[in-house]
Amino acid sequence: AEYCSGFLRVFCYFFLLRGRMKAWKITEFGSVDVMKLVDDFPIPEMKPSDILVKNKAVGSNPIDYKARSGATVVPSEENPRIVGWDAAGVVEQVGSEVVGFNVGDEVYYAGDIMRRLGCYAEFTAVDYRIVGRKPKSLSWSDASTIPLVAITAWETMKEDMVVEEGSELLVINGAGGLGSMAIQLGKQLGLTVIATASRQETVEWCKKLGADHVITHREPLAPQLEKLGYARGVRYVFHCHEVGNELGELMQKVVGPLGKLALTFSPKDEGAFSTIDTTDMWFSRKALLCTMMFARPFTGINPEKQGQLLNTIADMIDAGKITPFVTKTLKFEEAKEAMELQASGSTIGKIAMTL
């Protein structure tokens, strides 16, 4: 028995060094059909600053299908890609430069979209500086859906907007994954939160998460805000969906004086930026912000701040200040269904997949 146990350890070690893993790979851009589930994808090579994570659950996000369709590094047969940037799992190996993590630690992370493989896989190699401690109170599924939206919301509100307590925040598309985090974080930062939603179930969802007011994005926003007492617009607008040629109207009528508008995605309409009245923007000292939570790992500028904020979010979750918002859990083998649900635009909260 002792011999078999030792042999098993050696076999597992060899498997990690030279082995293969199950993964959803793409070799070309396209529809969900370009995704292929394989069991012989090479386990990622580690850098000295990496930890190798055995994923227990993966979170699904709109960026997944956007990357599959063309919004990332071009895949090929010689350079296959793995999408996915939200996961929770157990540390299997640590690089020589890693500090603060050990084999067996439970972690969660988002990753690096441009330079590394994603997490639709059994194993992911990720820079330890952008990894956080998994919230103790959460299941693997719930934890896997937190990192990307937590980093995006935190960096946008705390670092880019530098929100002031007592001000007001408009969250456009409040019932989505990012909106669900933005509403809760906004309340924790002392803001009056106004969310937008278009269906009865999404209105109720936003209220449950703590939104002070809910208005519809199916109608012009400025008149609705005026009825709430914000005739000159609001201080902060967090656009958690794709914006089009209505960008100019948002900047002029919805963003108030000294206000800031943060965009999560590039405008879907080519001429969207040209609709902005730059004179009004200039004299009212308004700011247009571009959120990109992958900027720190991509540029290498203080990537450790992401690991630190994930630990802070974990503490907030464990203290009951932020609640998870998974509404559907699928198996890893059902990744295509998760992508199709994301692309439908009707998803509430987040989708998780278990391995």
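**Close-up 1. K134 lies over the face of W140.** The distance to the ring centre is 5.1 Å. A charge counts as over a ring if NZ of Lys or CZ of Arg is within 6 Å of the ring centre and within 35 degrees of the ring normal. This is a predicted model: local features need pLDDT of at least 70, side-chain atom pairs count only at pLDDT 80 or more, and totals for chains, interfaces and linings use all residues. Residues are numbered from 1 along each chain as its sequence is written, and side-chain values use heavy atoms, with hydrogens and water left out.

**Close-up 2. K66 lies over the face of F265.** Here the ring centre is at 4.8 Å.

**Close-up 3. W85 and F294 form an edge-to-face pair.** The structure holds one aromatic pair. Its ring centres are 6.2 Å apart and its planes stand at 75°, so the pair is edge-to-face. Rings of Phe, Tyr and Trp (its six-membered ring) pair if their centres lie within 6.5 Å; planes under 30 degrees apart are stacked, over 60 edge-to-face, the rest tilted. W85 sits in the loop between α2 and β4 (87-94), and F294 in the loop between β13 (287-290) and α10 (295-299). The two are 209 residues apart. Helices (H or I, at least four residues) and strands (E, at least two) are DSSP runs, numbered from the N terminus. Both W85 and F294 are buried (under 20% relative accessible area, 1.4 Å probe, protein chains only).

**Close-up 4. Helix α2 (residues 62-69) crosses helix α12 (residues 335-344) at roughly 100°.** Their axes, lines fitted to C-alpha atoms over the stretch in contact, come within 8 Å. Angles run from 0 to 180 degrees between N-to-C directions. P62, D64, Y65 and R68 in α2 meet M339, Q342 and A343 in α12 (heavy atoms within 4.5 Å).

Terms used. Buried < 20%, exposed > 50% of the residue type's maximum accessible area, 1.4 Å probe, protein only.
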